[in-house]
Amino acid sequence: VRATFTSVHSREKGTTGTIVVLHDVTEQEELEQSRREFVANVSHELRTPLTTLKSYLEALDDGAIDEPQLARKFVGVTRNEAERMIRLVTDLLHLSRLDSNQAMLKKEQVHVTEMLDEVADRFSFQLRQRSIAIQIIIGDNTSPIWLDRDKIDQVLDNLVSNAIKYTGDGGQIRIMAERLPNDMLEIKIQDTGIGIPKKDLSRIFERFYRVDKARSRNMGGTGLGLSIAREIIKAHGGAIAIDSEFNVGTTVSFTLPYMEEGSGTNHDGKS
Ligand code: ADP
């Protein structure tokens with residue numbers, strides 16, 4: 001609590017007094033603190049690949065450029081780092097648009113089966129390479145739904161790519177969809193991967209929060225996938241949750257409201 005003291009004097013009544021105003025600054029300070037942490041995280045996440053880039057370019061300059069095999073390897077590393085920085089900046093831009101509510105939802109009617117089949121298709125090469133089986137299970141009661149296809153694809157891509165990243169070769173991924181009695185569509189992505197320790201679960205949707213930073217970076221992760229997914233689901237009026245058992249597997253589930261076009265909700269997700 002912050003206190004402001006103001007002395008007042010009433011000439012008519014000839015009295016003097018002090019007004020004390022108490023401000024609750026905890027919320028404001030917490031916001032400021034999380035903003036500071038965010039900026040520190042962004043700076044660190046950008047600095048790491050830049051430092052790597054610089055040292056490999058220096059090595060090339062110092063002679064590695066004349067050794068074709070080595071040079072090719074070093075160029076490969078710098079290219080990967082540059083690509084990771086682009087992914088990070090792209091994710092940051094998505095988040096900032098979602099934060100400022102600039103991200104208008106462009107809703108269209110979508111067939112759930114088709115949407116989920118297409119997600120699996122996008123990852124078919126990776127899945128085959130890692131011998132991971134994918135199964136899509138759709139309830140009979142799921143009718144077409146209005147949603148922003150690009151944005152929900154981004155959510156599904158983030159979740160399925162996590163499921164693949166954090167599951168060992170030969171594992172299994174299931175994508176399930178069903179219409180709940182409360183008229184929400186629920187989509188679940190379940191894997192048989194490394195899981196998440198209980199102590200980390202409550203913080204996993206925070207920006208840049210990762211169980212294992214080195215592992216996430218090695219897999220090309222930005223630490224923003226789940227935060228972006230949560231913002232997109234929130235904008236649609238749904239919710240997202242994660243359940244996991246360490247060394248057994250993880251299930252991420254999210255809901256989306258079934259609403260007819262023009263039934264009282266604007267297409268930017270605001271009522
Ligand atoms: P990242 O780019 O690091 O994958 P995310 O925001 O998508 O960032 O996920 C945050 C962290 O949550 C990951 O670093 C990982 O530790 C954990 N995580 C997410 N999905 C899974 C999963 N399916 N299995 C195990 N851990 C996961």
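Modeller: Two strands pair if DSSP finds at least two bridges between them, and strands (E, at least two residues) and helices (H or I, at least four) are DSSP runs, numbered from the N terminus. This is a predicted model, where local features need pLDDT of at least 70, side-chain atom pairs count only at pLDDT 80 or more, and totals for chains, interfaces and linings use all residues. Residues are numbered from 1 along each chain as its sequence is written, and side-chain values use heavy atoms, leaving out hydrogens and water.

Colleague: OK, what order do the strands of the five-stranded open sheet have?
Modeller: β4-β6-β7-β9-β8, with mixed pairing.

Colleague: And which strands stand at the edges?
Modeller: β4 (133–138) and β8 (240–245). Each has a single partner strand, so one side of each has no neighbour in the sheet.

Colleague: How many bridges join β7 to β9?
Modeller: Eight, and the two strands run antiparallel. Within that pair, Ile189 sits opposite Val252 in β9.

Colleague: What does helix α3 touch on the sheet?
Modeller: Helix α3 (residues 112–122) touches β4, β6 and β7; contact means heavy atoms within 4.5 Å. Its direction makes about 175° with that of β4. Axes are lines fitted to C-alpha atoms, for helices over the stretch in contact, and angles run from 0 to 180 degrees between N-to-C directions.

Colleague: Switching topic, where is Met104?
Modeller: In the loop between α2 (68–99) and β3 (107–110). Met104 counts as partly exposed because its relative accessibility is 47%; buried means under 20%, exposed over 50%, partly exposed in between (1.4 Å probe, protein chains only).
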